[in-house]
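Here is a quick briefing to read alongside the model. Have a look at the structure first, then work through the points below.

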Amino acid sequence: MDDEIQKTQEERKKMEEQLASMNSVTFDTDLYNTNRFEGYEKSIPVNDDDDTFDTENEVARKMASFTAPKQFFKEAPRAGEEDEPTGFNKPSKIIDREDDYRRRRLNRVISPERNDPFLDKTPGPEVRTYADVMREEALKRQKEELMKEIAKKKKEEQEKAADKKEEVEKPAQKRRNRWDQSQDDGGAKKAKAGSDWDLPDSTPGIGRWDATPTPGRVGDATPSVKKNRWDETPTPGRVADSDATPAGGATPGATPAGMSWDATPKLAGLATPTPKRQRSRWDETPATMGSATPMAGATPAAAYTPGVTPVGGVELATPTPGAINLRGPMTPEQYNLMRWEKDIEERNRPLTDEELDAMFPQEGYKILEPPPSYVPIRTPARKLLATPTPIGTPLYSIPEENRGQQFDVPKEMPGGLPFMKPEDYQYFGSLLNEEDEEELSPDEQKERKIMKLLLKVKNGTPPQRKTALRQLTDKAREFGAGPLFNRILPLLMQPTLEDQERHLLVKVIDRVLYKLDELVRPYVHKILVVIEPLLIDEDYYARVEGREIISNLSKAAGLATMIAAMRPDIDNIDEYVRNTTARAFSVVASALGIPALLPFLKAVCQSKKSWQARHTGIKIVQQIAILIGCAVLPHLRSLVEIIEHGLNDENQKVRTITALSLAALAEAAAPYGIESFDSVLKPLWKGIRSHRGKVLAAFLKAIGFIIPLMDAVYASYYTKEVMVILIREFQSPDEEMKKIVLKVVKQCVSTEGVEPDYIRQDILPEFFRNFWVRRMALDRRNYKQLVETTVEIANKVGVADIVGRIVEDLKDESEPYRRMVMETIEKVVANLGASDIDARLEELLIDGILYAFQEQTSDDANVMLNGFGAVVNALGQRVKPYLPQICGTIKWRLNNKSAKVRQQAADLISRIAVVMKQCGEEQLMGHLGVVLYEYLGEEYPEVLGSILGALKAIVNVIGMTKMTPPIKDLLPRLTPILKNRHEKVQENCIDLVGRIADRGAEFVPAREWMRICFELLEMLKAHKKGIRRATVNTFGYIAKAIGPQDVLATLLNNLKVQERQNRVCTTVAIAIVAETCSPFTVLPALMNEYRVPELNVQNGVLKSLSFLFEYIGEMGKDYIYAVTPLLEDALMDRDLVHRQTAASAVKHMALGVAGLGCEDALVHLLNYVWPNIFETSPHVINAVMEAIEGMRVALGAAVILNYCLQGLFHPARKVREVYWKIYNSLYIGAQDALVAAYPILEDDETNVFSRPELNMFI
Amino acid sequence: MQASDRFNINSQLEHLQAKYVGTGHADLTRFEWAVNIQRDSYASYVGHYPMLAYFAIAENESIGRERYNFMQKMLLPCGLPPEREDD
C-alpha cells in the first residue's frame, strides 16, 4: 500500500515538474502583463446593469491545453446562433458559449465534505474541519507566493547567468533544496553559478515542493496549485481521492512515460491524458481480443488492431457502447475529440480517381505515374497507430469475430432506463453491469437507485423525469445528503453539460435541499463550487437559478455554516474563486438579511493578513448593492463605513474596488442617502488629485454616482471641483478612462444646480475639442456614451449651442463620424425641438443633412433616415423652401441601382409626408405619388414594402379625392401585390388597401372589391398578428362599402376549410362584418349556415356569434331572442366544443344585455348551461364557469345562489366540490348581494341560526 | 383539485378563494356555513349606513349602539360550536 502511494507520488512529482516547466515562464508575465484586458470580458454583470468597469479582474489564463483545434471551439457557438430564427434552439453545450474566464469553473475541485460544528460530537481526525481548510488555504497562498518568488529569482538568475556565462564555476556538490534557495539571499548567486547544470531541475517546480511533504498536506485533495483542468475530471465516487486526479500532461511530453501513449501520438497530443487508473486498463488486454494483440503495451486500443477493423482511424470515431465498455470509461473530451477527428478525416480523405476524373477536363491533362519511391501515407494518425510494436514483429493471428459487437446502435438500457449519451458512461456506466441487485450491499443498492433516478432526470422523457424527480425529493432524507451530492455534483462539473441538463440537475439540488435542510451542512462548500459559476453565467435565467439555490442553501444551512464554508475562499489565490465567492456572499446577504452579515463583512474588510480578503470583502458590498438595489438604503451608512477605509488602502486594487463599490452603493441608493456618503467625500475628492490611471477612473466613477444625490448647491460646488480633473482627463488616451469621464460629465451636467453658463464656458470648449473627433466614432461603446453625454449637455444648454458646434461635421469625410453627428442632432432635436435654430443654422443643418444622407454608403441602423425625419418634422413649415430640393434627392435616389438606397428614399417619404402637407406642397406630393406608383413593379420585397408604405403615407395625408394617381387606377394595381408572401409587403399593402376601403371605397367597382376579398382570405394565414388584424378589419370596410351579402358568402364558405387559424380569423371577420353592417344583415345567413351538418362549420358559426355578441355589446338585446333556439341546440349537443363555444357566446350575451330586461331569455339559457358544470375538460369548464359569472352579472347573485343551494350539501362529495366552487366565485363576486338571499336555517337545540334583523319593518 | 386544474386559471381562482374567509369547501359543516352567513350579514349591516339607520329606528336604539351590538354578535353569532363526533 505504502509502496503504491509512494510510487504515485513520485510519478506525480515528475509530471508536475514537467508541467511547471511549461507554465512557469508565462506565469509571471500574465500577472503583470500590461495588455491583459485585450479581448476579454472583464467582469460579468449580475444584473443587466453595466458594471463592466471591473478593473480588478485579472485575465483568464489561457487553457493549458486545447482539446481540439481552435476553429472547432469557434465554430460551435456560431452554429447555435444560426439556429435561433427557427425558434427552436438545438440543445447547446454550456462550455461552447463560455469564454476562458468562465471556463475556469472547471478548475475548481469539489472539496470533500466538512465537519458540521452544530453536531454534538467531536470531529474525528478524518473529518475536515474549518481549521483544516483554513490551514490548507494559507499553505496554498504561501506556496503561491513562494512560486512567484522563485520564478522571479529564476528569471534574474537567467539574466545574470547570461551576463556572467564565462565565470561559470564548478557545479555545487550538494544539491540544494529549493527551500533553501528561495529563502537565503545569497542563494541566487550560487544557483546562478550552477545554472547550466541545474537547469532542468531548477525550474520552479511544484514537484520540488511536493518532495518536501508538509504535514497538513497528507490528505490534500488538490495536489497542485497550477491545476490543470484534467485534474478535476471528476470520477464518480472518488471525488477527493488524490490518485484519481493525477495532474495529467498538458502537453504530450508531460505524460508519464506510458508506452501505450507514446504509440498514439495524435491522440495523446490532443486528447486528455487519461487518468492513471484508466491507463492501466488500456494496458491490459481485454479478454475477448486476447489473441489479436500480442503486444499489450504497444497496441493501444486492442479492439482496433488493423486486422480487425481495416479503417482503424475512422472506426475509432464511432465508439459503440460495447466498445466503450471494453475499454473502460471514456472521458467526454475523448469522445468529442473522436467526433471531430471523424469529421475531419471524412473531409480530408484522399480524392478517388473517379472524383478526379469528374473534376478535371478530359483533355489537356495527363495522368502521371507516381515516382517509384513514393509511398502514400493516408492518415498519419492511423499510420502511427498501426506502427509495429517496438519489440519485434508479431506473428499474424486470425482475429476472432466479436459477436457481441454493437454496430453504432445504442444498447438497449436495462430496466427501462433512458438512453445514455457516450459522455454519460463515465458516470452511469455501472448501471449497465447487470449484476443481481440482491447481491449488492444496501449502500450500493442505494447508490444504484440514486444513479438510476438521476439518469432519468437527466435524459428521460418528461413523465419519467417527473416521477424520478419526485422520488428523489421524497426519499431525499432516506438516501442521505452524502450519497446524493456525491452523485449529483460531479455531473454538474461534466464538461459537456448542456443547458437543459444543468437546469434539471440544479432543480434536483433545489428540491433536495429543501428536504435535507440542516443535513446539508457538511456539503455546503461542495454545492457552492458547482453553483457559484451559475452566478456569472451569461444566461439570465441561469443566474437567477444560481441565486435561488444559494439563497435556499443559506436558509437551510444557516449563516454560520455559510460563512465557515466560504471564508477560506475569500482570500483564495485564484481571482475567479474570489469573484464568484463575492457574488455568492451577496446572495447570502440578500437571503439572510444584511444586518446579519455586517459584523463578518466588517472583519473581512479590515483583514490585516491579505489584501485579497479586503478586496473580496469590499467586492461583496459592491455585489450586494448591485443585487438588491434600493433595499440597501436602511444599511447604507454601515455599508459605507465598512468599506470607507479602503479608499486609503495601500493596495491599488483595493482602492479601486472600494471606489467602484461606493459607485454601486450610490447608484443603488439614488436619489437618496447622500448623508451616508459624507465620510467618503473628502477621501474621494482628495483621491482624484493624487491618483492616476485606473484608480483615478474608479474614483471618478464613484464621484459621478454620488453627485446626483446631492443638493443643488453642493452638487454645483463639487462639480466644479471635479471638473478640473475631468477636463484634464479629457485628453487621456485610455479608452476606459474616456468612457468613465464621459459618464461622469453626463451625471454632473444633468444634476440640478449646475448652471448652463458654467457648462457653456468651462466645459463645452474642451469637451468638443477632445471628444468630438473622428476616432470616437469608431468604437461602439465610446460612440454611444458620447452621444448620450452630448444629448444630456444639450438638455442643459439648449439646441443651438450643440447643433451649432457640430453641424459643420455633417460634411466630414468620415462616415462613422457623420453618423455620430447625425444621431446626436436627431436626439437633441427630438428632445428639444427646433425653435432655437436660427435661419443661418437652419440652412447649414439642411445642407449638412442632405449631404450626409446622400453620401452614406452603409446605414443599417437607419441613423441618417431617422435623423432626416426628426429634423424635418421639428422644423415643420420652415422646411418649405428646401422641399423641392429634398424631393429631387428622393426622386433621384428612388431610381438608384442599390435596393437599400431606393428603400431609404421611400421610407423618407413616409416620414416627411405630414410636413409636406403642412407646407402646402400637395402638388409635389401628388407628383411623388405618381412616381411611387410607377415603381410598384419593384422586385425587392423590402423596397416594395417601403414604397407601399410611402404611398400609404401620401394617401393618408392628401385624401382619396386628391390622390394622384386616382384610386381607381391605384387599387387594381395593388390586388396582385396582395399575393406577395413577404411580411413587410403584406402588411403595408393590406394597410393601404384597408385605408382605401375605409375612406374611398366608392372609387372602385364592387367587382374589384370582391376580387380583393378572395385575396384577403389567403392573408388570414399570415404569421404576423398585425396582418391578420388588418385583414379582418378590411373585410369590415369592404362589407360596408359593397354590402355584406357577397362578403359574407365568401367568409361562410371559408368556414369549411381545415386550418384552424384560418377558421378562427374568418369567424372574427364575420363578427366584424356583422358589427359594421348591423347584425340583422348577417345573422339570418349565419344561423342558416348552422344547419350545415358539419362540425367545423357549426363551431365556426357559434364562435362568430360569440365574437359578435362581444363586439355589439348592448345592441345584443334585440337579437338575443332570435339566437336563443340555436344556442339551446348547441348547449345540448354531444360535442364538447359546441357546448364550450355556446357557453362563451352566452357569457358575452349576458354581459352585454345586463340590466336591459332580457332576464327571461337568460334564465332559459342558464337552465341549459347549468348541467355542464360537471364537465372536466379545462376549456369547457372554464367557459361554463364564465357563462355562470356572466349570468350573475345579468341576473343577480341571488338567482345563481338559488341554483347553488341544491348541491352545497349534496351527499356526493364530487357534486359538493363543484357546487362549492361555484358558490365561492359567486361569493367573491357579489358577497354583499348574497346577504339578503341566504336561506333561512332552522335553529337547533344549541345554536341559533336565525337572522331576525331582516324581518324588521317599521 | 383535479390534475387538469393545476395549470390553468382555476388554480389561481382556488388561491384567490383561499384568501377569503367566507368561502367554503366540500367538507364545510352546516354550523360553519351558518357562522359565515351570520358574520357576513352583520358586516353588511354595519357597512351600509342606511341599513343601520333603519334598524336603529325599528329598535329605537342609537345608531352607534346598533353598530356595537352587531359587532359584538359577530364574535359567536350562533353560539358555541357543536361537539365534533368524529376524530
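How far apart are the end C-alpha atoms of helix 53 of chain A, and what span should its residues give? The ends sit 25 Å apart, and at 1.5 Å a residue the 18 residues (1095-1112) should span 26 Å, so the two agree. The expected span is 1.5 Å times one less than the number of residues, and helices are DSSP runs (H or I, at least four residues) numbered from the N terminus.

This is a predicted model, where local features need pLDDT of at least 70, side-chain atom pairs count only at pLDDT 80 or more, and totals for chains, interfaces and linings use all residues. Residues are numbered from 1 along each chain as its sequence is written, while chains are lettered from A and ligands numbered from 1 in the order in which they are written.

- Helix 53 of chain A is mostly covered, with 13 of its 18 residues buried (20 or more other C-beta atoms within 10 Å of a residue's own; exposed means 12 or fewer, partly exposed in between, with C-beta atoms placed from the backbone).
- Just after helix 53 of chain A comes A:Gly1113, with a positive phi of about 55 degrees.
- Buried residues in helix 44 of chain A are A:Met925, A:Leu928, A:Gly929 and A:Leu932. They share one side of the helix because their arc around the axis is only 110 degrees (taken from the directions from the helix axis to the C-beta atoms).
- A:Gln923, A:Val930 and A:Glu934 are exposed on the other side of helix 44 of chain A.
- The buried residues of helix 44 pack against helix 42 (883-894), helix 43 (899-918) and helix 45 (941-962) of chain A.

**Nonpolar cores**
- The largest nonpolar core has 278 residues, and A:Leu665, A:Ala702 and A:Val1073 touch the most other members (a core is a set of buried Ala, Val, Leu, Ile, Met, Phe, Trp, Tyr and Cys residues joined through C-beta atoms within 7 Å).
- Helix 31 (residues 652-669) of chain A gives the largest share of this core, 11 residues.

**Where chain A meets chain B**
- The contact takes 25 residues from chain A and 28 residues from chain B (two residues are in contact if their C-beta atoms, placed from the backbone, lie within 7 Å).
- On the side of chain A that touches chain B, helix 59 of chain A gives the largest share, 11 residues.

Conventions:
Helices (H or I, at least four residues) and strands (E, at least two) are DSSP runs, numbered from the N terminus.
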